[in-house]
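Colleague: Could you take me through the sheet in this model, with the cut-offs spelled out as you go? I would like one connected account.

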Amino acid sequence: MKTKLPLLIVLALLPVFVHGQDIHFSQSEFSPLVVNPAYTGRFSGNLRLINNYRSQWRSINKAFSTLGLALDKPVSFRGQDYGIGFLYLNDYAGNNRLVTHSFHASLAYQVFWNNHQITTGLQPGFVLREFDPESITFPSQYDPSNGTYNSGIPNGESMLEEQIHYFSLNVGVA
């Protein structure tokens with residue numbers, strides 16, 4: 001027990017040091033791999049396929065929409081219980097056409113400890129974000145002589161990248 005105490009303290013304090021904003025669905029119980037990678041393979045069955053779709057604010061032009069697709073499976077290997085899976089998320093954010101594609105592999109490991117089941121999960125992935133800079137207007141592009149927007153006026157922004165990509169790592173315990 002003494003050797004596991006430092007690990008439990010680190011896991012308890014981890015949310016204090018780690019910050020992030022993720023895509024979310026209104027019924028989180030139907031998107032377990034989005035909520036926590038430790039839920040990978042934790043279900044009764046052989047294979048689970050989940051498809052989620054969320055559309056927000058349809059009354060505005062170019063509403064926000066999010067698509068989630070997850071596939072996972074419980075696996076036993078050498079007497080140990082694992083879960084393996086895949087998660088794809090696509091988020092389309094409004095008029096600025098900010099599109100996010102997220103691809104994650106998911107792995108979970110279950111252990112039994114003092115009549116309790118503890119599962120840890122790891123979800124490495126790749127995220128690609130892109131937007132259309134032509135769809136954004138800046139205050140500097142309004143012509144003061146007539147008060148109208150003019151896309152021919154420089155926007156004054158020097159570092160607008162149309163596309164960025166980065167590594168993402170999700171970790172969870174259940």
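**A close look at the sheet**

Modeller: Happy to! The protein chain has two helices and eight strands, where helices (H or I, at least four residues) and strands (E, at least two) are DSSP runs numbered from the N terminus. Along the sequence the pattern reads α-α-β-β-β-β-β-β-β-β. This is a predicted model, in which local features need pLDDT of at least 70 and side-chain atom pairs count only at pLDDT 80 or more, while totals for chains, interfaces and linings use all residues. Residues are numbered from 1 along each chain as its sequence is written, and side-chain values use heavy atoms, with hydrogens and water left out.

Now to the sheet itself. Six strands form an open sheet in the order E1-E2-E3-E4-E5-E8, with antiparallel pairing; two strands pair if DSSP finds at least two bridges between them. Strand E1 (48-56) and strand E8 (163-173) are at the edges with a single partner strand each, so one side of each has no neighbour in the sheet. From one strand to the next, the twist averages 15°, taking axes as lines fitted to C-alpha atoms, for helices over the stretch in contact, and angles from 0 to 180 degrees between N-to-C directions.

Arginine 48 is opposite aspartate 72 in E2.

Further along, strand E4 (residues 98-113) holds phenylalanine 103. Phenylalanine 103 has a relative accessible area of 36%, so it counts as partly exposed (buried is under 20%, exposed over 50%, partly exposed in between, with a 1.4 Å probe and protein chains only).
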